[in-house]
Amino acid sequence: MSSRRPLLSAAVALGLVAGLCTPARAAEDLPFRDPALPLAQRVDDLLGRLTLDEKISLLHQYQPPIERLGIGLFKTGTEALHGVAWSTDYDDNGNVVTANGTVFPQAVGLASTWDPELIHKVGSAVGDEARGFNARDPRVWGLNLWAPVVNLLRDPRWGRNEEGYSEDPHLTGAISTAYAAGMRGPDPDHLKTAPTLKHYLANNNEIRRDTTSSNLRPRVKKEYDEAAFRPAIESDAATGVMAAYNLVNGRPATVLPDLGEEVRSWTGRTLFNVTDAGAPNNLVGSQGYYPSLTEGNAATLKAGLDSFTTDNTNAEPTTTAIRTALSKGLLAESDVDTAVRHILSIRFRLGEFDPGGGPYGKIGESAIGTPSTAPWPGAPPPRRWCC
């Protein structure tokens, strides 16, 4: 018996090691990680493996890691109006680290070039730097970029006119398409970054911006305001929209049915739509449109928004409201699944679940602050965009 104990112990030890390694190895072999499979099949495979709580957790702007499946943190939203914003980070000791990224002219200046080809190059450089910053610290810089701003400059008193391109929907549509196309990259099926158009719809004032209503006649809405948003979505340059703070014809933009109907009808691609920062809380606060966050969040999800940008890194108010809405029958699990499917579709196209991070996965920190906008070796040829 004594001669068999070492062999038995070794077998037990090997079994324990194998048990510890199996989940990670199994996660690598799951169908959703196979880039040879169709996108929809991969999304459905991963969606089917998530628990309801895990799916709900993905609805907040800070999507937590799901370690049992080897899924990392995903941060929704990085400002990139004329270069990657939030250019400070903190090291492990809490010291401020300056990022020193590239700052391009403000949006109204970029549009003044009337040169979509040049703006496409600017967008491509911003997309490269966004990848570089994300490689440096994905907690600070995500690959879902909140840009460009396509609100029309219809009133010179708007304090953020420099963020928009012009008062003309044709020029705005052409320049925003070029900029977004550069950020998203030339690969038709993969994303360098995921550009999100701001702010749907008719957002043009800062004072009481969460309580004023932009009242649009049907023709103005179709031929003016929507006309600025549609080109970048229709050409698959942008991957979604951010809802505005204001009301549109008396209804908060956060719960406009357009978000799930009109906007999504402009493309055959899956869109990922987000709220503006704190907007879900406005529905029950300054706007007083719903009696509780439960009703407000349920209406937001049903309207066609997929991600709740609110309460900074604290997801608890959002996840609690969604669970309560489910228990009260205000939402069905299928509503959650729809939003999560939109979220996952973009994450897949960003290459997160591909070997090596997909075709843009090799863009690292060296892309930050480079003097050239030339593509990296092996990049697909650029797509042509024109007004």
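Modeller: Two strands pair if DSSP finds at least two bridges between them. Keep that in mind for this structure, which is a predicted model.

Colleague: Which residue stands opposite S214?

Modeller: Strands of a sheet pair through backbone hydrogen bonds, either parallel or antiparallel. Here S214 faces V248 of β10. Strands β8 and β10 (residues 247-248) run parallel and are joined by two bridges.

Colleague: What is the order of the strands in that open sheet?

Modeller: The order is β8-β10-β11, three strands with mixed pairing. β8 (213-214) and β11 (251-252) are the edge strands; each has a single partner, so one side of each lacks a neighbour in the sheet.

Colleague: How many helices and strands does the protein have?

Modeller: The protein has eleven helices and eleven strands.

Colleague: What span should helix α11 have, and what is the distance between its end C-alpha atoms?

Modeller: An α-helix has 3.6 residues a turn, so residues three or four places apart point the same way. For α11 (residues 333-349), 17 residues at 1.5 Å a residue should span 24 Å, and the end C-alpha atoms are 24 Å apart, which agrees. After α11 comes G351, with a positive phi near 90°.

Colleague: Is α11 largely enclosed or left open by the rest of the structure?

Modeller: Buried means under 20% relative accessible area. In α11, 13 of the 17 residues are buried, so the helix is largely enclosed by the rest of the structure. Across the protein, 52% of the 387 residues are buried.

Note on methods. Residues are numbered from 1 along each chain as its sequence is written. This is a predicted model: local features need pLDDT of at least 70, side-chain atom pairs count only at pLDDT 80 or more; totals for chains, interfaces and linings use all residues. Side-chain values use heavy atoms; hydrogens and water are left out. Helices (H or I, at least four residues) and strands (E, at least two) are DSSP runs, numbered from the N terminus. Buried means under 20% relative accessible area, exposed over 50%, partly exposed in between (1.4 Å probe, protein chains only). The expected span of a helix is 1.5 Å times one less than its number of residues.
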